[in-house]
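Dear colleague,

Please find the structure below, together with a short account of what was found in it.

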Amino acid sequence: MRIALYPGSFDPITYGHIDVLRRAKRLFDKLIVAVVENPRKTPLFTAEERKKLVEEALAEEGICGVEVITYSGLLIECAKKVGAVAVVRGLRATSDFDYEFQLALTNRDLDSEIETVFLMTAGQYSFLSSSIVKEVKLYGGDVSKFVPRCVERALEAKFKALGAKVNPHAL
Ligand code: ADP
């Protein structure tokens with residue numbers, strides 16, 4: 001069985017992530033989404049909230065058979081633990097390339113058996129990011145084209161709960 005791991009912050013999951021996920025699902029026998037507990041940026045949602053949102057979004061989109069886990073520490077260790085043959089990453093515009101290149105080559109140094117597979121998103125999502133969605137929603141914009149309804153509701157609840165404590169620069 002060929003297992004692939006799709007890791008990321010998913011803070012929160014967007015239609016861009018979901019587009020990559022659907023493509024990856026067609027290529028592998030099993031896909032596992034791994035929500036990182038310690039992303040590079042301070043997340044808006046906790047790891048458990050982000051995991052739950054991925055699960056709810058998948059259910060809303062009618063996507064079955066994808067496992068969702070959280071992990072902390074080295075991505076490659078997580079990939080080994082779940083028996084993945086590949087790590088899936090999404091590519092948007094060229095802005096992703098430098099970081100993704102660095103990450104893929106570092107992971108190859110750590111374990112040459114696990115390949116990184118890059119999948120290109122659909123054109124309409126190629127400029128979409130979790131940060132943009134959070135910013136648009138914070139200022140009252142419509143994000144229904146970018147995220148499933150459950151994510152939109154979670155953003156509304158989170159911003160309401162945080163009130164004036166939201167730091168737009170940390171989104
Ligand atoms: P990370 O902090 O690991 O980059 P993200 O949740 O931002 O976590 O992204 C996870 C993966 O999904 C990355 O490979 C990223 O390039 C990809 N990704 C994010 N948004 C999109 C999108 N709109 N289209 C395609 N891939 C995306």
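Phenylalanine 10 lies in the loop between S1 and H1; helices (H or I, at least four residues) and strands (E, at least two) are DSSP runs, numbered from the N terminus. Phenylalanine 10 counts as buried, because its relative accessibility is 2% (buried means under 20% relative accessible area, with a 1.4 Å probe and protein chains only). Its phi is near 50°, a positive value in a residue other than glycine. The loop between S1 and H1 also holds proline 12, and the peptide bond from aspartate 11 to proline 12 is cis, with omega near -5°.

The model is predicted: local features need pLDDT of at least 70, side-chain atom pairs count only at pLDDT 80 or more, and totals for chains, interfaces and linings use all residues. Residues are numbered from 1 along each chain as its sequence is written, and side-chain values use heavy atoms, with hydrogens and water left out.

Oxygen atoms of the ligand lie 2.9 Å from a side-chain N or O atom of tyrosine 6, 2.9 Å from a polar side-chain atom of histidine 17 and 2.7 Å from a polar backbone atom of glycine 90. The protein buries 90% of the 550 Å² that the ligand exposes when taken alone (accessible areas come from the Shrake-Rupley method with a 1.4 Å probe).

Yours sincerely

Notes. A polar contact is a pair of N or O atoms within 3.5 Å; within protein, one must be able to donate a hydrogen and the other to accept it, and residues adjacent in sequence count only if both atoms are side-chain atoms. Buried means under 20% relative accessible area, exposed over 50%, partly exposed in between (1.4 Å probe, protein chains only).
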